[in-house]
Amino acid sequence: MKLLPLLSPLTHLARLPRLPVPRLSSALLGATALELFVLAGHVIVYPFGLTPERRGAAPSTTTDLPVEAAGPPVVLLHGFIDNRSVFVVLRRALTRQGRRHLESLNYSPLTRDIRTAAELLGRHVEEICARTGHSRVDIVGHSLGGLIARYYVQRLGGDRRVRTLVTLGTPHGGTAVAPGAGVHPIVRQMRGGSSVIEELRAPAPGCRTRFVSFWSELDQVMAPVETACVAHPDLDAVNVRVTGIGHLALPVHPTVAAAIREALEAPEAGEDTAASAGAVPAA
């Protein structure tokens, strides 16, 4: 596992994978209160995300730029029993920063297999590339969405299309407390030792996608919390620890949104990565 340059000196974020973190009751209480607040807000906006997103040409903010200069489109992929409304805050944050073409994909909560969802994602990515003229995209996946995207990248040849995959609270190593465990087939696939998790542990030589995984020390859906880290010797990955927030807050927290934007704007291998890293002050 190769670590990329530190994304940011943000006080809420530190690139410290697998670091034992004390469970402070005050921090947990604060994170729980924020989770409940986020959940209440999400219940309100959830109905607006039930219908598929209208697809069209790239926004006018990018049409005057050469295709590659505008940067790859960004695909947002939600988690289990959710929809594209979970990204309403992140989408606005990226748009305010002049972010390039953004699209969300809804997959059915009745989907019974991560592999099937990954195939759907692959078809969606091909359609976006054909429509926008880009050869690659970036993906941001929350929870199960990140696992679906990783399967597409690592097992279905999606690394030729996906430049950067950002995951938020994704059970890369399998989680022991997935909600509804043992009931829904796709939830069973998120547990440690499942056939899907074992496939993702298989060698992936030459994978061209870079991974940025955000994990929270107070994420009560990930057990253990470090399961949200990407730990694979063949993958170009960096794990970013987020402090003070839980699972639901990851896609809506402004500090995380800023770090996601930095991850998406980081230069690819072969570009002037040294100069980019040098421009980031030490934490």
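# Salt bridges, a helix and its neighbours

Reader: Which residue forms a salt bridge with Arg115?

Author: In this pair the closest N and O atoms are 2.8 Å apart. A salt bridge is a side-chain nitrogen of Lys or Arg within 4 Å of a carboxyl oxygen of Asp or Glu. The partner of Arg115 is Glu199.

Reader: How many residues apart are Arg115 and Glu199?

Author: Arg115 sits in helix H4 and Glu199 in helix H7. Helices (H or I, at least four residues) and strands (E, at least two) are DSSP runs numbered from the N terminus. The pair links distant parts of the chain, and its residues are separated by 84 residues.

Reader: What pLDDT do local features need in this model?

Author: Residues are numbered from 1 along each chain as its sequence is written, and side-chain values use heavy atoms, with hydrogens and water left out. This is a predicted model, where totals for chains, interfaces and linings use all residues, side-chain atom pairs count only at pLDDT 80 or more, and local features need pLDDT of at least 70.

Reader: Is Glu199 buried or exposed?

Author: Buried means under 20% relative accessible area, exposed over 50%, and partly exposed in between (1.4 Å probe, protein chains only). Arg115, at 22%, counts as partly exposed. Glu199 has 18% relative accessibility, so Glu199 is buried.

Reader: Which residue pairs with Asp159 in a salt bridge?

Author: The closest N and O atoms of this bridge are 3.0 Å apart, and the partner is Arg208. Asp159 lies in the loop between H5 and strand S5, whereas its partner is in the loop between H7 and strand S6, so the bridge ties together parts 49 residues apart in sequence.

Reader: How far apart are the end C-alpha atoms of helix H4?

Author: The expected span of a helix is 1.5 Å times one less than its number of residues. H4 has 19 residues (114-132), so it should span 27 Å. The model agrees, as the end C-alpha atoms are separated by 27 Å.

Reader: Which helices are included in what covers the buried residues of H4?

Author: Among the buried residues of H4 are Ile114, Leu121, Val125 and Ile128. Contact means heavy atoms within 4.5 Å. The cover includes strands S2, S3 and S4, and also the helices H5, H6 and H7.

Reader: Which backbone nitrogen does the side chain of Asp138 reach?

Author: Asp138 belongs to strand S4 and, at 0% relative accessibility, counts as buried. A polar contact is a pair of N or O atoms within 3.5 Å; within protein, one must be able to donate a hydrogen and the other to accept it, and residues adjacent in sequence count only if both atoms are side-chain atoms. At 3.2 Å, the Asp138 side chain reaches the backbone nitrogen of Thr164.

Reader: What is the bridge partner of Leu77 in S4?

Author: Two strands pair if DSSP finds at least two bridges between them. S2 and S4 pair in the parallel sense over four bridges. Leu77 stands opposite Leu105 in S3, and in S4 its bridge partner is Gly141.
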